Amino acid sequence: MLRYDTRGDASWLTLDRPEKKNALHLDGWRELRDGLERAAESSRVAVLTGVEDVFCAGDDIALIDEAETADDVEALTDTLYDVLFGIESLEIPVVAAVNGLAYGGGCELVAACDLAVAVEDATFALPETTIGAYPPYAVERVAETVGKKRLMELALTGDPIGADTAAEWGLVNRVVAADELEETVTQFVESIATSPRRSTRLTKQYAAIGAADPGTRDRIRGAFQQIRADDDCRAATRRFFER
């Protein structure tokens, strides 16, 4: 699911599940969590990307459909929390190299990263409500980046936006041609690596004040439990598999 390699001062973490558009099952989220922790121990920067022309389609929908018990919900939400909020508290910067579609949890990964560079034909969406789920990280944190009205447009309609709109809204820093993606990300990495580790770490730490709200994990878990207990939401999830 996850390829890990070191290029200069950066650890590149590549989502590699092309048959599912790099969608993450529970083990995939855990691999990503462990990969980020490994990167923080050995590199100045972590870079997230995907194989082929897809960044990440988010959660494997089967993962949501299979969350039947309170223990299932706790395992799912806690793992998502550990990755998405963990990026904010990671000691090194994380850069998203968005090589294509970034939907659901993939879009949330982009939002959680400190910097993001997208190719010109990348698209971004939060379609969770349309399949009887909800985007936990986005509703807690993304309004700070794009504004509440724009977040609500993404989260309530599920409609995708293009890379230029994502840049205008502040979801990504740069939009580049596909053949310039790695070079542009590498330029960010090299710039970051010239700064002392402590100043980089403290800049991240204080930019993320509020991310460690002790009630956030419980809110996310509680909201997801309500969704999985709702007949309409469960039916919407099942309809996804009938398309």
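Is Asp-60 buried or exposed? Asp-60 is buried, since its relative accessible area is 12%, and buried means under 20%. The model described here is a predicted one.

## Salt bridges around Arg-17

Side chains of opposite charge can pair when their charged atoms come close. The structure holds 11 salt bridges. One of them joins Asp-60 to Arg-17, with the closest N and O atoms 3.0 Å apart. Asp-60 lies in the loop between β4 and α2 (61-65), and Arg-17 lies in the loop between β2 (10-15) and α1 (26-42), so this pair ties together parts that are 43 residues apart in sequence.

Arg-17 also forms a salt bridge with Glu-19, where the closest N and O atoms are 4.0 Å apart. Arg-17 is buried, at 13% relative accessible area, whereas Glu-19 is exposed, at 60%.

## A pair within helix α1

Arg-30 and Asp-27 form a salt bridge with their closest N and O atoms 3.8 Å apart. Both residues lie in helix α1, 3 residues apart, or about one turn of the helix. Arg-30 is partly exposed, at 30% relative accessibility, and Asp-27 is partly exposed, at 47%. Elsewhere, salt bridges with shared partners join Asp-5, Arg-7 and Glu-182 into one network.

## The nonpolar core

The largest nonpolar core has 66 residues. Those with the most contacts inside it are Leu-36, Leu-48, Leu-109, Val-110 and Phe-124. Helix α3 (residues 70-89) supplies the largest share of this core, 7 residues.

## A negative surface patch

Several acidic residues form a negative surface patch, among them Glu-52, Asp-53, Glu-120 and Asp-121. Glu-52 sits in the loop between β3 (45-50) and β4 (54-56). Glu-52 is exposed, with a relative accessible area of 63%.

Terms used: Residues are numbered from 1 along each chain as its sequence is written. This is a predicted model: local features need pLDDT of at least 70, side-chain atom pairs count only at pLDDT 80 or more; totals for chains, interfaces and linings use all residues. Side-chain values use heavy atoms; hydrogens and water are left out. Patches are made of residues with over 30% relative accessible area and no salt bridge: like charges are joined within 9 Å, nonpolar side chains (Val, Leu, Ile, Met, Phe, Trp, Tyr) within 5 Å. Accessible areas come from the Shrake-Rupley method with a 1.4 Å probe; for residues, only the protein chains shown count as cover. A salt bridge is a side-chain nitrogen of Lys or Arg within 4 Å of a carboxyl oxygen of Asp or Glu. Lys and Arg count as positive and Asp and Glu as negative; His and the chain ends are not counted. The place of a charge is taken as NZ of Lys, CZ of Arg, CG of Asp or CD of Glu. Helices (H or I, at least four residues) and strands (E, at least two) are DSSP runs, numbered from the N terminus. Buried means under 20% relative accessible area, exposed over 50%, partly exposed in between (1.4 Å probe, protein chains only). A nonpolar core is a set of buried Ala, Val, Leu, Ile, Met, Phe, Trp, Tyr and Cys residues joined through side-chain atoms within 4.5 Å.
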